[in-house]
Number of protein chains: 2
Amino acid sequence: MGNKSSPTAVVIIIGNEILFGRTQDANLSFLGKRFDELGIVLKQAIIIPDVEEKIIAAVNESRHEVDYVFTTGGIGPTHDDITTMSVAKAFGIEVERNQEAVDAMNKYYEPGKLNEARLKMADIPKGATLIDNPISGAPGIQIENVFVFPGVPLITQAMFDGMTDRLVGGLPVLTENIATNLTEGTLAEGLGKIQDRYDDVSIGSYPYFKKGKLGVNLVMRSTDQVRLDNAGNEIDDLIKDLNGQILNK
Amino acid sequence: MGNKSSPTAVVIIIGNEILFGRTQDANLSFLGKRFDELGIVLKQAIIIPDVEEKIIAAVNESRHEVDYVFTTGGIGPTHDDITTMSVAKAFGIEVERNQEAVDAMNKYYEPGKLNEARLKMADIPKGATLIDNPISGAPGIQIENVFVFPGVPLITQAMFDGMTDRLVGGLPVLTENIATNLTEGTLAEGLGKIQDRYDDVSIGSYPYFKKGKLGVNLVMRSTDQVRLDNAGNEIDDLIKDLNGQILNK
């Protein structure tokens, strides 16, 4: 899909609460959309528990394989926040109290509230670069090509949007959506033929049930607007040929 | 966390649409909750694109590591539905038109509607066992310890709930939740000490911002009700000692 030379990424979602179904992850869909805009290809995401050896393994398996690794979750002040220490271990480096992080947190907390537990969030791997947290003070961390974000979506989103100048992107991925009342089985043959003619446009077919009605959302993705438009027009024609309705565009 | 002898699982979520942020996965949180009830420990989840070699690698890396592998997504009739064929290749077996699957689909489709594209969903790896689909006919697939489900949550949920007798579970994971208006930094020290005394209770701390107010949800998980209750009581006492409020229980 898209430009072969586009930079690549992996997202590592760290948190027991995602795995046992208590919390619905919301960071991946945010990051996925941003990667399209930036022209970064997300190769995969992995969701792992708050377990040191799992974090170390996931970081070390990813950071040499792709251009950018993003972790979310586990950088707060409590006992189950072990991401920073684990990522430091993945790189074989120590953490140390970071004055820049302490200063950032001092601006956020009322006098006397920056206790030792909170200061744990200022223990940063040596040589790491901080990622500014405009919401709650405690910074994220960049070590080489690994970017460490918190789990709370609001904070992660603000932090990510403040650091994208550190990322070298590629051609943005452009998207077109067509919804139809036809079902996948009706569309499949013609759609497959269009896909065969457009190997530079990724055509996804996503069935839906809405208010008791079946239909399909078709999503086309490409870095080339002309090819995207042409594929979209062919899909429009296919839907009409099959006596279907184009429900939105 | 929990019983060391509990069966283990991996979930493989297959779908470009999840990675590029168009679709919010809803199957993991459903499966995660069911695994708790069944006493199955979810070791990790991985989200990969609709790419054959990625699917083959993910299935083969997982199926010898854990007791159960569950895949979601990519078993429909369109060109981008390549999960069945890829899983078959992971096992080195062929697919063939399966009469039991054809019969199941014939009950669902109106006469004449079961075209060749739809019949692709009846092409099943040789020797596989079908998983009944009470919603839309086309079955899921079990090959050894690998269970192949569709992506549409409503269908996957119905199919999963109809096949749990094939799974050997462990001790169910019991959960208790306590919400408080205290913040993580205030709770962290005392909470860490409680966690140290309860290595058979996993205590998770999840900060929230709701209607402009900060607070924490604490989630305790254990297979032992008495230990769970005792840890919960200690956390209640901690919150009271810190002049916090217990907001729900």
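1. Chain A is divided into domain 1 (8-166) and domain 2 (174-248). The bounds come from an automatic or database domain assignment. The centres of domain 1 and domain 2 of chain A, taken over C-alpha atoms, are separated by 37 Å.

2. A word on the model. It is predicted: local features need pLDDT of at least 70, side-chain atom pairs count only at pLDDT 80 or more, and totals for chains, interfaces and linings use all residues. Residues are numbered from 1 along each chain as its sequence is written, while chains are lettered from A and ligands numbered from 1 in the order in which they are written.

3. How are the two copies related? A rotation of 180 degrees, with 0.0 Å of shift along its axis, superposes chain B on chain A with an RMSD of 0.0 Å. The two copies are thus related as by a two-fold rotation axis. Of the residues of chain B, B:Ile46 comes closest to the rotation axis, at 2.2 Å (C-alpha).

4. Now the sheet. 12 strands form an open sheet in the order E6(A)-E7(A)-E8(A)-E3(A)-E1(A)-E2(A)-E2(B)-E1(B)-E3(B)-E8(B)-E7(B)-E6(B), with mixed pairing. Strand E6 (129-131) of chain A and strand E6 (129-131) of chain B stand at the edges, each with a single partner strand, so one side of each is left without a neighbour in the sheet. From one strand to the next, the twist averages 20 degrees. Strands (E, at least two residues) and helices (H or I, at least four) are DSSP runs, numbered from the N terminus. Two strands pair if DSSP finds at least two bridges between them.

5. Look at the join between the chains. E2(A) and E2(B) run antiparallel and are joined by three bridges. A:Ala45 stands opposite B:Ile47 in E2(B). Within chain B, strand E1 (residues 8-14) and strand E3 (residues 68-72) pair in the parallel sense over five bridges. B:Ile13 has B:Thr72 as its bridge partner in E3(B).

6. Helix H2 (residues 27-38) of chain A lies across strands E1 (8-14), E2 (41-48) and E3 (68-72) of chain A. H2(A) runs at about 170 degrees to E1(A). Axes are lines fitted to C-alpha atoms, for helices over the stretch in contact, and angles run from 0 to 180 degrees between N-to-C directions.

7. The interface next. 46 residues of chain B are in contact with 46 residues of chain A. Contact means that C-beta atoms, placed from the backbone, lie within 7 Å. H8(B) gives the most to the side of chain B that touches chain A, with eight residues. The residues of that side divide into 20 nonpolar, 17 polar and nine charged. Here Ala, Val, Leu, Ile, Met, Phe, Trp, Tyr, Cys and Pro count as nonpolar, Asp, Glu, Lys and Arg as charged, and the others, Gly among them, as polar. 100% of the interface residues of chain B are also interface residues in chain A, so the copies meet through the same surface.

8. There is also a hairpin. Strands E10 (residues 202-210) and E11 (residues 213-222) of chain A pair in the antiparallel sense over nine bridges. A:Ser202 stands opposite A:Arg221 in E11(A). Two residues lie between the strands of this hairpin, and A:Lys211 in the turn has a positive phi of about 45 degrees.

Terms used:
Two residues are in contact if their C-beta atoms, placed from the backbone, lie within 7 Å. Copies are superposed by least squares on the C-alpha atoms of residues with pLDDT of at least 70 in both.
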